[in-house]
Amino acid sequence: MTALSAPSAPSAPLRAGETGSGAKRSGPVLLGMLRRRELQLVLAILALGALSSALHPSFLASGNVSFILADSVSTMVVAVGQTIVVLGRGIDLSVSPVLGIAAIGVGFPAQDHNLSIFLALLIVLVIGMALGAGNGFLVAVVGIPPIIATLATLTIYGGLQFIFTGGQEVVNIPNAYGNLGNANMLPGVPWLIVVGAAVVAVVWFWLRRTVTGRSIYAVGNNADAAFRAGAPVRRILFLTYVVSGLLAGLGGLIYLCHVGSADATTGSDTNVNLMSIAAALIGGTTLLGGRGGPVGSALGAVFLSEALQAMIASRVPPIWEPAGVGALIVIAVITDRGATPARLLARRPFREPSHGPQ
Amino acid sequence: MQRPPAAVAPGARRYEAIGVSKSFDGANVLTDVSVTFEAGQVHTLAGENGAGKSTLLKIMAGVYQPDAGELHLGGERLAGLSPRSAQRRGIYLVPQEPALMGSLSVTENLFLGILRRGRMRTVDWAAMRREASAYLARVGLTVDPDARAEELSIAQQQLLECARALAHRCTTIFFDEPTSPLTAHEAATLFSVMRSLRTDRYSLGFISHRLDEVLQMSDRVTVLRDGRSVLSGDRSALDRASLVTAMVGRELTTRSRARPHLDASGAREVLAVNGLTARPQFEEVSFSVREGEIVGLAGLVGSGRTEIAEAVFGLRPVERGTVRLAGELLAHRNPRACIDAGLVYLPEDRGRHGIFADVDVERNVTAGVIPRLQRWGPLLRPSAERSMAEQATAQTAVRMASLGTLMRSLSGGNQQRAMLARWLLAGPRVAIFDEPTRGVDVGAKDDIYRLIGELAGQGLACLLISSELSELVATCDRAVAVYEGHVVGELQGADVTDANLGALVVGGTPR
C-alpha cells in the first residue's frame, strides 16, 4: 500500500439477503461436509465395500483390498494430471499413448539391460514432459482447442508407440520393478498406494499454496479476468499440459511395475483416457474448469477400481466394464449442478482479448 | 432492354409498434415503446448504443418476439412474426453487418429464398441475371452479377442487401446503423439511394447515433434511451439542442458535487498518453492525469473510450503512441507489467473481465497481487493473504458472510467493492475506472464515487469512464471527450457541465 491508507468505510445499511446463498451454506457443519464430493466418495467406497463383502465374504480380505488399491494407482496418478488440465478448462485426450510410450520406453531397457529403477523414473518423467509440452504448444501457443489438439496428438503419439515397439513386447521386468508394483508396505497397504498418495499430496500442496497452482484455478474459472489480473495465462496453460504429460509418464512406470508387461497397445487397451477423465469427473472436478482438485480424483480412481472388482466378484462379464464406467460418468456429471450441456459445448481455448478489429 | 422490376412501389403500408417491451435474461432492453413508420418517410431511431434501437427493429422484422406489445401493419395485427413471414409482408431489415453468403454470387444472394424457376422447375439463371441487373441499377450498384458477394466492399454489400429487399418486393426497409462502417463518401451514396426510395413511397427506418446524419436524413425522429422512448416527433419540430438533451442528458438537474473542483495543474503528471492510435477504433489520442486528479473520459458507448482504456492497460495492440507513468515509458504493456508499475484497470464488464464467480471473495481480492505473497521461493503465506484480504475488503466495505463466500453470491455493488479492494491491494498510482457503477444499485453508486473521491484525495490519479454524464459532472475535476475515436475536447473545472459534455460527445461544440 503505497499511496493509499484506509479510507473511511462507506456507511450504507446491510441489506437482508444480500449475500444470498453464501450464507445458507454455513448450515450445520456435518451437513456442509456431506456436500463435499470427497466425503461422499469415501462413504461410497465404504458402502460399496460393505455391500460387496456381504455378497462375497472374501471381498474385503486383506489381499483383495490391497489389490484394489494397487490396481488404482496408475489411473490415479494419470487422473491427477488430467485434473490439473481440466481445472484450467482444458482436456488431455493423449494420456493413453503417453503412458504407453513411457511404459515401453523404460520397459525394453529394463528387460534387456536391467535398467535401474531410479534411472527409469527419470526417463519416464522426461518422456512425459516432452510429450506434454507438445500438447501445451498446440493449445497455449498455437491456440488450437484442447479437444482437437490432444485428439491429434492421441493419434500421433499412439502411432509413435507402435513404431517404437516394432512388434516386440515387454514381458520380463527386473524384480525391483515387480516388487514395487505388487508388494505391500503393511498388510493391506501396498507400496504403490504410498506412491500415489505422495503424488496427490504434492499436487494438492502445489495447487493450493503456490502462485502458479492458484493461477490455474483462476484461469480455468475466467481466463479473461485472470489475464487482466496479471496472470500469465498462456504460460500457465502450457504448464498444465506439461504436468499432465509428466504424471502420465509416471503412470506408465507404475503400470509397468504393477502389470509386468507392456506393448504397442498399453494405455489404450485399458482405456486410460476414459478412466482418467472418469476419475476426475467422479471426484468432483468439472469440465467447466476452475473447480475440483486432486484428492477427489484420487478417490474417484479408487472407487472405479473397487467397482470393477465388485463387478468381477459378482461375475458380471468383463464386457460390461466400459458400460459401467460410462454410467458412472453420467451419474457424476448429472450430480454436478454447474455443468449444463450448453456450457460444456462452449469450451474454447483462451485467446488474448480484443486483438484485431472487432 | 430491362423491364423495371418493382415499377413504382404502390406505397408501403403504415407499420406500427405499440407498447413493445423486451427483456433479455431479466434485463429490460425495451420498455413500452411505440413507433410508427409511414410510406414516403425516413423515420430515424436515435440514441446511444444499447439504448434498444436495434432490438426494436429486430422485433419489427421478426428476429425477436416481443414480451409485450403489438405490431400492426396497415391495421392488421401481426403475431408470431418470423424473419421469413416479415419479408413476405414486405418488411426487410438490412442488418448492421451485412448477412450475405460470401461464397455465392451477387445474383444468388439477391434471390436467395425466392430463386426464379423455369421449365422443369429448375433454376432459371438467365432470368435472374436479367432481373438482378435491374435491381442493382436501382440502388446504384455497378458490380458483376456473377461476382461472389465476399468480393464486394462493405458499402457495396450494404447496397446489395438493399437491392435484396427490393428483389423480395419489400416496401418497408430498415437500416440498422448502416453508416458506422462507411466512409463519408460511401454514406452519401447510401443516403441518395434512401432518398430516391423515399420519393418512391417506400417506408424507411434508419438507426444512427450521429447527430448530423439524424438531422440531415430524417422526416421523423424517435429517441430511445435505456430502452424507453424519450422523444418522438417530426424533424421540423426538433432542433439540435433538444436532440442532444434527449440522447445523452440524464437527470439534467445538476448533482451536487461531493468534493470541490481540484485545480491540479501544479501537480505531478502521473499518466501521460500521447498519440495513441489503433485504427479504426481510435486515432491520435492524447491526454494526461495528474496526481490527486479525477479526469473523466466522456463518450458515447462505442465511441472508443473503453478501447482506449484497454490499450493503455496493454490489452490491445496499438499502431503507435506512448503511455508514460510518472515520466517512465511503459513500452511493452501487458496487465502484469502495468499492475507492477502502479497502473490498474477496473473493467467495464465485471462478469466477463473482472470476477472469478466460482472462487471465494478472498482469492478474488488477492488475485492481482498473489506474486507478492510469496515466501521461500514459490510458497504462499495463507495468513498474510487472509489479513490482506480482510483489510482491503474492510476499506471498501464489502458486505459478505465471510471471506470464504463465493463471489457469485454477492450483489453487484459488493462485487464491485471487492474489485476495488483487489486494486487497492496493488497500491496503484493510477487507476482507470470503466463504468464503475454499472449494474450497481443506487445506494452503492454513491458509495463507490465517494470512495473514488477519497482515493483521489490521497493522491491517486483517477481516469473515470462513464456514459452517465451527470456522474462525470459531479465527480471529475477535468473531462476529456471522445467522439468516434478522436479526442474532441477537454473541459476544466466548472466548465464540466452536462450541456458542454453532451454537445461534445455527439460530435458538436460546447456552447
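Strand pairing first: I count two strands as paired if DSSP finds at least two bridges between them. This is a predicted model, so I keep that in mind as I go through the notes.

I looked up strand E21 of chain B, residues 478–483, and found 6 bridges joining it to E22(B), with the two running antiparallel. I picked out one bridge: Val480(B) has Glu490(B) as its partner in E22(B).

Entry 2, the whole sheet. Which order do the strands take? I read E16-E19-E20-E13-E21-E22 in chain B, 6 strands in an open sheet with mixed pairing. E16 (343–346) and E22 (486–492) of chain B each have a single partner strand, so they stand at the edges with one side lacking a neighbour in the sheet. From one strand to the next, I get an average twist of 15°.

Helix H14 of chain B (residues 412–425) packs on it, touching E16 and strand E19 (430–434) of chain B. I noted about 170° between the directions of H14 and E16(B). Helix H17 of chain B, residues 498–505, lies across E13 (294–298), E21 and E22 of chain B, and runs at about 25° to E21(B).

Which members of the largest nonpolar core touch the most others? Out of 155 residues, I have Leu247(A), Leu271(B), Phe287(B), Leu343(B), Phe433(B) and Leu501(B). I followed up Phe287(B): beyond its neighbours within four places in sequence, it is in contact with Leu271(B), Ala272(B), Val273(B), Ile308(B), Leu463(B) and Val480(B). Another core lies apart from this one, with 39 residues including Val139(B), Ala163(B), Leu182(B) and Leu204(B).

Terms used: Residues are numbered from 1 along each chain as its sequence is written. Chains are lettered from A and ligands numbered from 1 in the order in which they are written. This is a predicted model: local features need pLDDT of at least 70, side-chain atom pairs count only at pLDDT 80 or more; totals for chains, interfaces and linings use all residues. Side-chain values use heavy atoms; hydrogens and water are left out. A nonpolar core is a set of buried Ala, Val, Leu, Ile, Met, Phe, Trp, Tyr and Cys residues joined through side-chain atoms within 4.5 Å. Buried means under 20% relative accessible area, exposed over 50%, partly exposed in between (1.4 Å probe, protein chains only). Contact means heavy atoms within 4.5 Å. Helices (H or I, at least four residues) and strands (E, at least two) are DSSP runs, numbered from the N terminus. Axes are lines fitted to C-alpha atoms, for helices over the stretch in contact, and angles run from 0 to 180 degrees between N-to-C directions.
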